[in-house]
Amino acid sequence: MKNKKHFVFFICFLVNLSFAQAPLPPPPPKKNTKTKDLIYGDPSYTDNKGDKKSTAKIKEVKKPVEAYKEDTQKSVKSFNLSISESTNPHSIYYYKNVETLLQKLDTAAITTAQIISLTRYKIQSNSINPTYLDSLATKVYKLNEEKNYNEAIITAKEILKQSPNNITGHKELSYAYKRLGNEELANRYFEMMVKIITSVFQYGEGTRNTPYILNNFFEGLSIYEAKFGCLPSKTRLILTSKKVLLAGYDCYHIMRFANLTHWFPMLKEGDYKVE
C-alpha cells in the first residue's frame, strides 16, 4: 500500500493534470484581491536585474485549491552515499541500473535513495547540462500550452535522455499523453514523477542549510507547484560565502532553495548575486 505522502502527491497532481498544467494557487494573503493562475509554461518572474519577464497566459481562478501543507521535517534524511556506489556494477545504486528502472517506469522496484543517488552522480560526474535542460523545459511547456502534444513528447523524451529522473520530463510526458488519450502511459509517467518528487522531499528541506537536490533550475518550479500549489513570483540565484549556488523560489513569501552549484561554471557574472 502506498504511504500517505504518495497519496497526497497523487491528489495534488491529479488536480494538476485534470484542469491545467499547473495546480491552482492558494489565495493571496490580501483580502478582496482577485486570484490569478499562471499557466505553467513560461511563468512570470523577476530576473536578477529586476526586470519583469512573462509570456505566460493568465486566467482567473474561481475556486482556488488549498495549498499543500508542509510536512514536519523529521522525515528529512541526509544522503552521504559515496560516488563509487554509483559506478560499481554490483551496487544497487549503479547508475546504469537505476536509469533502466526509470526507463521502465518501475516505481515499485526503484527506491527514493536510488533516485537521489542518480542526481548526485550526474552532478558530480558533470553528465548533465542544466542550461540545456532548462531550454528544453521552456520549449516543452510551450508546446503543451499550444496543444502540440506530439512535439511535446519528443522534447520531453530529450530531457529524459540526459536526465532520466527529471521531474519536468515526466510531468510533461504525463500531461501530453493524457491529452492524447493514452491513459496508461499518462499514469505511468505520472506515478514516476510523484516518486521522484517524494525522493527530493525526503533528502532536502528546501532551506539554505538543507536545500533540495535538483538537476536543473526548472525542476524547482515543478517542486514549488507540488508543495505549495503556486508558481514563484520571484526567483533568484545566490552565490554564498561558501561558494554554494542557491536557487531561490518565492511565492506569497514562501521561500525555498535548491543547490545548483553544478550550474555555476556555465553562468556569467551578473547572473547571480554574491553574498
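Predicted model: local features only at pLDDT ≥ 70, side-chain atom pairs only at ≥ 80, totals over all residues.
Residues are numbered from 1 along each chain as its sequence is written, and side-chain values use heavy atoms, with hydrogens and water left out.

Let me start with the helices, which, like strands, are DSSP runs numbered from the N terminus (helices are H or I with at least four residues, strands are E with at least two). Two packed helices are described by the angle between their axes and the distance between the axes. The axes are lines fitted to C-alpha atoms, for helices over the stretch in contact, with angles from 0 to 180 degrees between N-to-C directions.

Helix H6 (residues 149-162) and helix H7 (residues 167-179) have axes that come within 9 Å and cross at roughly 155°. H6 and H7 are therefore roughly antiparallel, given that angles over 145 degrees count as such, while those under 35 count as roughly parallel, 65 to 115 as roughly perpendicular and the rest as oblique. Among the residues that meet here are Ile-153 and Leu-160 in H6 and Leu-173 and Tyr-177 in H7, where contact means heavy atoms within 4.5 Å.

H7 also packs with helix H5 (residues 130-145), the two axes coming within 11 Å and crossing at roughly 15°. That makes H5 roughly parallel to H7. The contact includes Val-140 and Tyr-141 of H5, and Glu-172 and Tyr-175 of H7.

H4 brings me to the second largest pocket, as the largest share of its lining, three residues, comes from H4. A pocket, on a 1 Å grid over the protein atoms alone, is an open set of points where a 1.4 Å probe fits, with protein on both sides within 12 Å along at least five of seven lines, and lining residues have an atom within 4 Å of a point. This pocket is lined by 23 residues, and Arg-208, Asn-209, Pro-211, Val-244 and Asn-259 lie nearest its centre.
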